Amino acid sequence: MTMPALKAETPAVAPARLTADVVKLSAPKPGFVGARLMPALKSAAARIIPPLVTLTLLLVVWQLLCNRPGATLPPPTKIWSEAYDLIIDPFFVAGPQDIGLGWRVLTSLQRVAIGYGLAGIIGIILGTLIGQSMWAMRGLDPIFQVLRTISPLAWLPISLAAFRDSQPSAIFVIFITSVWPIIINTAVGIRNIPQDYRNVAAVLRLNHLEFFWKIMIPSAAPYIFTGLRIGIGLSWLAIVAAEMLTGGVGIGFFIWDAWNSSRIPDIVVALAYIGLVGFVLDRIVAAIGNLATHGTAAN
Amino acid sequence: MTPYLKIDHVDKSFHRGSRETEVLKDVTLGVERGEFVSIIGHSGCGKSTLLNIVAGLLPVTKGAVLLENQEVNEPGPDRAVVFQNHSLLPWLTVYDNVRLAVDKVFSGRRSRSERHEWTLHNLELVQMAHAKDKRPSEISGGMKQRVGLARALAMEPKVLLLDEPFGALDALTRAHLQDSVMAIHQKLGNTVMMITHDVDEAVLLSDRIVMMTNGPAAHIGEVLDVPLARPRRRLELSSNSIYLRCRQRVLEFLYERHSFVEAA
Ligand SMILES: Nc1ncnc2c1ncn2[C@@H]1O[C@H](COP(=O)(O)OP(=O)(O)OP(=O)(O)O)[C@@H](O)[C@H]1O
Ligand SMILES: [Mg+2]
């Protein structure tokens, strides 16, 4: 039943959008602004059109695969019709447990902010200490390399056993998942301070505190931000595991809850939210890193 | 009378595991106040090692370095260094790189606005005031060396140490900077110790040229006075007999008596 409707719809959408772009691009050509606007529009189009095309193709393939009888997962059309309210309005409030996914994301973000914030502070401090000493580096690095591969889910029982309360356990899971790359990268950054900078500091007779603030931190900043960027990705990954403990209104718990009541379309929508928010978080940390290191990052 | 800066029977060896390499052996040199001394020698003979010892960045194995009769064995702003690879801090602007040094050296003694003026003054001295808000990555190699020089000069050092400051630059930029260094030396009368492997540069800039033998266990092979009047002009010098004679002496030392031996 939905088949012909979709077949008529999807191919119609893509060419329509493409032709619309072509028209938009060629129209302002004679104008004065055209000379400057054109290349900007063109490069924007070059960046936006390919993802749109692949996305459309993916949706079509998905639709074809999941629309067959006996398919276990819902096709996009079914998700659209069944989870319509979730997709359309992220910020509705229809009851204490019936709220838009935007609200849920915000709740989860608070939790991540605490866990990741702690990971950032403690990771940078520990990394700085470890980076000072070759022996600490050699001794601890293998341990960290092993610990960082442990998944958030695996930390859950340990965390619960240690804290005996779901709230701090959830924060701890986020913390412990994301802290390792921050420690490791900070330590490497501190170890890699060029001898030249140390010589400059020595000639100027910078004291320990001045050396820390004026040489060490800025010199290691690109490494630190690499760690922070990996860390934010991991801490967002841990949110589902963490909220399986806490319940409440977070996006992670929403997925767990939807699974328990077999609302698969809701899960798919929540996954899209998680993915997009993770992407935005990553870009935000990257942008802060770029600003803070004045573009000297990672070379 | 002891000289202003005295390198007194200095030995230096490096230990790597159980292996010991003797780099400098019994190096003695005096530098007078206001004098411009160049150190020339083949690559790897230990020039940088000697300069770093004077800077206090490396400890001596034996002997001592005396500045105004005081032994120096740790780094300090009284012996400012211009490093071969500029060593500017990439996260600071040109101004802030110099200002960091000014703030540190004159923190208690000069007011904020005096330190600001002094920073600008030194940037003007090396003709870099126009780029004061740029970052090191945005300026050319020659400009970076100028800023490095401004940073060193701003410390008002007793001795200015230059480690192949123009080594990585093209010939034109190099000539420009040499002229700048000569003009600044003329104006301020700094005591300068400069490492170079360029014979023309050594003769043009120096009052004395210290020639080092090849390592291991390098020492001072010969010291040559350059009795050329100042200010010196590179164009006039190219036909000056004293200039040519000095140049000849250094070339003979480097390429006949102590020619570079590969390997080792
Ligand atoms: N930290 C160190 N440990 C061991 N050996 C060293 C160390 N630093 C320098 N050396 C050795 O000392 C010798 C002299 O080095 P140095 O850098 O002083 O030479 P140089 O004359 O400055 O050479 P160049 O002209 O190439 O800069 C070299 O053989 C080098 O291998
Ligand atoms: Mg050297």
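**Figure 1. Helices α6(A) and α8(A) cross in chain A of this predicted model.** The view shows helix α6 (residues 134-147) of chain A and helix α8 (residues 166-191) of chain A, whose axes come within 10 Å. The two axes cross at roughly 155 degrees. Angles over 145 degrees count as roughly antiparallel, and α6(A) and α8(A) are therefore roughly antiparallel to each other. The crossing in which α6(A) passes α8(A) is left-handed.

**Figure 2. Residues in the contact of α6(A) with α8(A).** On the side of α6(A), the contact is made by M134(A), M137(A), D141(A), F144(A), Q145(A) and L147(A). On the side of α8(A), W180(A), I183(A), I184(A), A187(A), V188(A) and R191(A) take part. Nine residues of this contact are nonpolar, one is polar and two are charged.

**Figure 3. A salt bridge between E35(B) and R208(B).** The side chains of E35(B) and R208(B) meet with an N to O distance of 2.6 Å. E35(B) belongs to the loop between β2 (19-31) and β3 (36-40) of chain B, while R208(B) belongs to strand β9 (residues 208-212) of chain B, so the pair ties together parts that are 173 residues apart in sequence. E35(B) and R208(B) are both buried.

**Figure 4. A salt bridge between D78(B) and R79(B).** The closest N and O atoms of D78(B) and R79(B) are 3.3 Å apart. R79(B) has a relative accessible area of 1%. Buried means under 20%, so R79(B) is buried.

**Figure 5. A salt bridge between R257(B) and E222(B).** The N to O distance between the side chains of R257(B) and E222(B) is 2.9 Å. R257(B) is partly exposed, at 49% relative accessibility, whereas E222(B) is buried, at 11%.

**Figure 6. A salt-bridge network in chain A.** R229(A), D282(A) and R283(A) are joined into one network by salt bridges that share partners. Side chains of opposite charge can pair when their charged atoms come close. Over all chains, a search of the whole structure finds 24 salt bridges.

Technical notes: Residues are numbered from 1 along each chain as its sequence is written. Chains are lettered from A and ligands numbered from 1 in the order in which they are written. This is a predicted model: local features need pLDDT of at least 70, side-chain atom pairs count only at pLDDT 80 or more; totals for chains, interfaces and linings use all residues. Side-chain values use heavy atoms; hydrogens and water are left out. A salt bridge is a side-chain nitrogen of Lys or Arg within 4 Å of a carboxyl oxygen of Asp or Glu. Helices (H or I, at least four residues) and strands (E, at least two) are DSSP runs, numbered from the N terminus. Buried means under 20% relative accessible area, exposed over 50%, partly exposed in between (1.4 Å probe, protein chains only). Axes are lines fitted to C-alpha atoms, for helices over the stretch in contact, and angles run from 0 to 180 degrees between N-to-C directions. Angles under 35 degrees count as roughly parallel, over 145 as roughly antiparallel, 65 to 115 as roughly perpendicular and the rest as oblique. A crossing is left-handed if the near helix is turned anticlockwise from the far one by less than a right angle, and right-handed if clockwise. Contact means heavy atoms within 4.5 Å. Ala, Val, Leu, Ile, Met, Phe, Trp, Tyr, Cys and Pro count as nonpolar, Asp, Glu, Lys and Arg as charged, and the others, Gly among them, as polar.
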